[in-house]
Amino acid sequence: MKEIIVSTGVVNTPQLLMLSGIGPSKDLQKLDIEVVQDLPFEYRSDAYWECYIRHISTTEYHPCCTAPMGPDNDNSAVLDLNLRVRDIQIPELHSSSYHRRGGPIAVTYSPPSGLTPLGLKAGSELGYNVTDYNGEIPEGFSVVQSTLRNGIRSSTTDEFIAKEKRQNLDIVTRSFVTKINIQDKKANGVFFIRNGRKQYVKARKEIIVSTGAVNTPQLLMLSGIGPSKDLQKLDIEVVQDLPRLNKTEVSGQDPYDHPSIHANYYSNCEDINAVLGGIRIWEQLMETDTFREVGVDTSKTKFEYRLDAYWECYIRHISTTQYHPCCTAPMGLASDNSAVLDLNLRVRGIANLQVIDSSVFPNITSGNLNAPTVTVADKASNMIRGIGTVEEFKNRV
Ligand SMILES: Cc1cc2nc3c(=O)[nH]c(=O)nc-3n(C[C@H](O)[C@H](O)[C@H](O)COP(=O)(O)OP(=O)(O)OC[C@H]3O[C@@H](n4cnc5c(N)ncnc54)[C@H](O)[C@@H]3O)c2cc1C
């Protein structure tokens with residue numbers, strides 16, 4: 001054997017290395033493991049970051065977000081909303097009108113890998129710009145921009161909650177919400193389980209559900225809001241018949257049962273074509289002088305891999321998800337039969353009940369979901385407080 005390659009994953013790789021004596025010496029000594037190599041790695045969840053991609057057009061949002069800007073200014077309204085939450089850390093972008101300093105979420109370049117400069121060089125060789133994809137011209141090659149502050153994840157919890165020391169906020173952790181109590185079409189309170197005990201909290205004003213694109217439709221359905229046919233099948237009393245809670249199916253009345261998720265990946269051939277388009281660019285990249293010079297040779301394969309059919313088979317079998325579910329309780333106009341929420345993100349037909357999370361999008365966003373979700377939440381919090389959101393940024397672009 002020449003060398004050993006460890007590919008045991010993000011959890012088991014550090015475990016295996018530590019069991020083999022490679023890791024922080026202090027930790028190894030505590031475990032009576034002989035230190036072979038003192039390495040300072042650690043696996044902290046707050047050390048991870050999210051790739052930050054702003055959303056480009058209003059079609060991903062809704063008049064809900066852009067209405068205050070007026071009909072002529074839609075795309076810049078989306079940018080303005082997004083700028084509110086950003087604190088760009090990349091010096092050469094400080095003066096860009098597509099970025100802003102001073103917002104809550106820090107954005108900077110992800111630490112590059114050894115391949116990063118090669119990727120950028122090969123992209124240039126193919127005629128692409130090295131670009132700021134969150135700037136004026138999104139198309140091109142770039143180092144990934146991520147939510148990082150001083151090397152640590154710039155998370156919504158840290159930036160919006162922990163730093164602010166809010167007096168008007170009580171957080172109850174390790175609590176699992178099981179049902180929203182709705183009487184006479186009005187949300188009154190929330191049942192939850194904490195330390196094995198069922199508890200109830202009464203809402204004085206209103207309830208905001210932010211349990212994410214999978215659990216929000218689940219919780220609404222467990223509370224009697226959803227397609228009446230599906231609810232009746234589960235013996236759940238129908239409180240409000242709403243037409244669509246997208247492809248998330250509750251299997252029973254037990255809130256701890258996992259809902260079935262029908263993602264229907266690649267049921268639309270346009271999605272295959274989009275991925276195939278990406279692979280075709282990747283093929284060109286692999287044939288650039290940049291990659292040939294470091295020994296990349298795509299000719300040595302027994303498969304006729306350039307055929308569309310080969311790639312389609314590959315895509316259908318080997319693709320993995322990046323976990324960006326959304327649009328499961330979409331907002332929409334009163335005339336939109338598929339809308340679960342109105343334009344103020346209130347559940348249609350139920351008083352005092354709002355949803356604010358990635359469920360609310362009417363359309364899948366063009367980039368990753370974190371930035372759009374934070375943007376919608378920021379906008380929604382200002383709508384609740386009756387504060388105009390974009391005034392100060394109106395003339396920026
Ligand atoms: C592995 C992974 C990697 C990702 N990478 C990126 C990335 O690089 N860039 C990017 O932009 N996006 C990324 N995303 C997507 C992004 O994180 C999500 O789109 C975003 O977090 C959605 O926010 P949300 O508020 O809708 O839901 P969430 O962040 O999921 O928040 C929902 C919260 O509700 C809680 N909850 C659910 N049910 C209950 C209940 N019954 N009672 C009490 N609490 C409950 C959950 O524990 C959770 O804390 C990634 C997602 C995953 C899973």
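Predicted model: local features only at pLDDT ≥ 70, side-chain atom pairs only at ≥ 80, totals over all residues.
Two strands are said to pair if DSSP finds at least two bridges between them.

## The chain as a whole

The protein chain contains 12 helices and 16 strands. Of its 397 residues, 27% count as buried. Among contacts in the chain with a separation of 6 or more, 52% are accounted for by residues 24 or more positions apart.

Strands of a sheet pair through backbone hydrogen bonds, in either a parallel or an antiparallel sense. The open sheet considered here has three strands in the order E3-E4-E5, and its pairing is mixed. Strand E3 (86–88) and strand E5 (145–146) are the edge strands, each pairing on one side only.

The parallel pair is E3 and E4, with three bridges. Within this pair, Arg 86 has Ile 105 of E4 as its bridge partner, and Ile 88 has Val 107 of E4.

Why is E4 largely enclosed by the rest of the structure? Four of the five residues of E4 are buried, so the strand is largely enclosed.

## The largest nonpolar core

E4 also takes part in the largest nonpolar core. This core has 46 residues, and those with the most contacts inside it are Leu 341, Val 355 and Val 360. The elements that give two or more residues to the core are strand E4 (105–109), E8, E9, strand E11 (207–209), H7, strand E16 (353–355) and H12. Domain 2 (58–166) and domain 3 (175–263 + 324–364) both give residues to the core, so it lies between them.

Leaving aside residues up to four places away in sequence, Leu 341 touches Ala 329, Pro 330, Met 331, Arg 346, Val 347, Arg 348, Val 355 and Val 360.

## The surroundings of the ligand

Around the ligand there are 19 residues, of which Gly 212, Asp 357, Asn 368, Leu 369 and Asn 370 come nearest. Strand E8 (175–183), helix H7 (212–222) and helix H12 (370–385) are the elements that give two or more residues to this shell. Which element gives the largest share of the shell? That element is H7, with four residues. By kind, the shell divides into eight nonpolar, nine polar and two charged residues.

| Residue | Phi | Other C-beta atoms within 10 Å |
|---|---|---|
| Lys 185 | near 65° | 13 C-beta atoms |
| Asn 264 | near 55° | 10 C-beta atoms |

Phi is positive in Lys 185, a residue other than glycine. Lys 185 is found in the loop between E8 and strand E9 (186–194). Phi is likewise positive in Asn 264, which is also a residue other than glycine. The place of Asn 264 is the loop between strand E15 (260–261) and helix H9 (269–286).

Definitions and conventions
Residues numbered from 1 in each chain as written. Near = placed C-beta within 6 Å. Nonpolar A, V, L, I, M, F, W, Y, C, P; charged D, E, K, R; others polar. Buried ≥ 20, exposed ≤ 12 C-beta atoms within 10 Å, placed from the backbone. Core = buried A, V, L, I, M, F, W, Y, C linked by C-beta atoms within 7 Å. Domains from an automatic or database assignment. Contact = placed C-beta atoms within 7 Å.
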